[in-house]
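The notes below follow the order in which I looked things up.

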Amino acid sequence: MASFILLGSKGGAGRTASSVVLATGLSAIGLRPLHLQITMPGVSPAIATAKGLPFSAAWIPEDRATRYSIHQAIAAHPECTTLVIDMPKRTVREVGLFDLNAAVLFPVRRASHEIEVAVRDYRDRDSQLEAVDDHDDIPPGRHCSGWLLPVGWPPSNIDHDFASSVARFDTSTRSGLSPLSILMPGIPELPRDDLDDLINGTSFHCSPMIADAAILIARAAT
């Protein structure tokens, strides 16, 4: 099963919205996704109980989110071929690398501090993967790459502006590390009302604009 994990150490970075958009697009291109939200204590799931979802959905409270409980959730949906996990605000080190084969997406909005945090999170994952590869009993390079996922950037200048903004904060490239991977075209700035209708916990309503963006990002991720 192909897996995507939406991760990051900053709150309000767009992980849940991005994960739902991605799951919507994966469904539209025929991949039968399971959207799995890991919720913080006392927080209700944003989408798992909504009616009319075009994909399967489940949720697990963070204090019960183990490898076993995640595998149980997957096993409960044998119809699914793809997994999208929406993580709460956590660093890579707090979450750990529970699935080396999962592609990790770090949503990035336009504010400088959001870019800085996302770049740091991405490089923290690089460091953890290097430590894993140093173990003789684990085949090196068996894991998927991570991506920075632009969220809400103007499409007219995303290629140049986003890459330039990321480079300002990525001092690791001066140490010989590979440039960060960016999942283009990203998710455009979407109307607030459209997003509220998409992720309201009651019923699923996908506007044509979101549907188009969802298909583009799903194709780029696969």
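I began with the axes of H1 (residues 15-28) and H7 (residues 208-221), which come within 7 Å and cross at roughly 80 degrees; axes here are lines fitted to C-alpha atoms, for helices over the stretch in contact, and angles run from 0 to 180 degrees between N-to-C directions. H1 and H7 are therefore roughly perpendicular to each other, a label that covers 65 to 115 degrees, with under 35 counted as roughly parallel, over 145 as roughly antiparallel and the rest as oblique. Helices (H or I, at least four residues) and strands (E, at least two) are DSSP runs, numbered from the N terminus.

I noted that the model is a predicted one, in which local features need pLDDT of at least 70 and side-chain atom pairs count only at pLDDT 80 or more, while totals for chains, interfaces and linings use all residues. Residues are numbered from 1 along each chain as its sequence is written, and side-chain values use heavy atoms, with hydrogens and water left out.

I then listed the residues where the two helices meet, with contact meaning heavy atoms within 4.5 Å: Val21, Leu22, Thr24, Gly25, Leu26 and Ala28 of H1 meet Ile210, Ala214, Ile215, Ile217, Ala218 and Ala221 of H7. Also in H1 is alanine 17, which, leaving aside its neighbours within four places in sequence, is in contact with Leu195 and Ile199.

Next I turned to the sheet, which is open and has 6 strands in the order S3-S2-S4-S1-S5-S6 with parallel pairing; two strands pair if DSSP finds at least two bridges between them. S3 (56-61) and S6 (147-150) are the edge strands, each pairing on one side only, and neighbouring strands are turned by 25 degrees against each other on average, direction ignored. Between S2 (residues 33-39) and S3 I found 6 bridges, and leucine 36 has alanine 58 in S3 as its bridge partner. H1 lies across S1 (2-6), S2, S4 (82-86), S5 (103-108) and S6, and runs at about 170 degrees to S4.

Last, I checked H5 (residues 158-169), whose 12 residues should span 16 Å at 1.5 Å a residue, and its end C-alpha atoms are 17 Å apart, which agrees; the expected span is 1.5 Å times one less than the number of residues. Ile158, Phe162, Ser165 and Val166 of H5 are buried, meaning under 20% relative accessible area, against over 50% for exposed and partly exposed in between (1.4 Å probe, protein chains only). They cover an arc of only 100 degrees around the axis, which puts them on the same side of H5, the arc being that of the directions from the helix axis to the C-beta atoms. The face of H5 turned away from that buried side carries exposed Asp159, His160 and Arg168.
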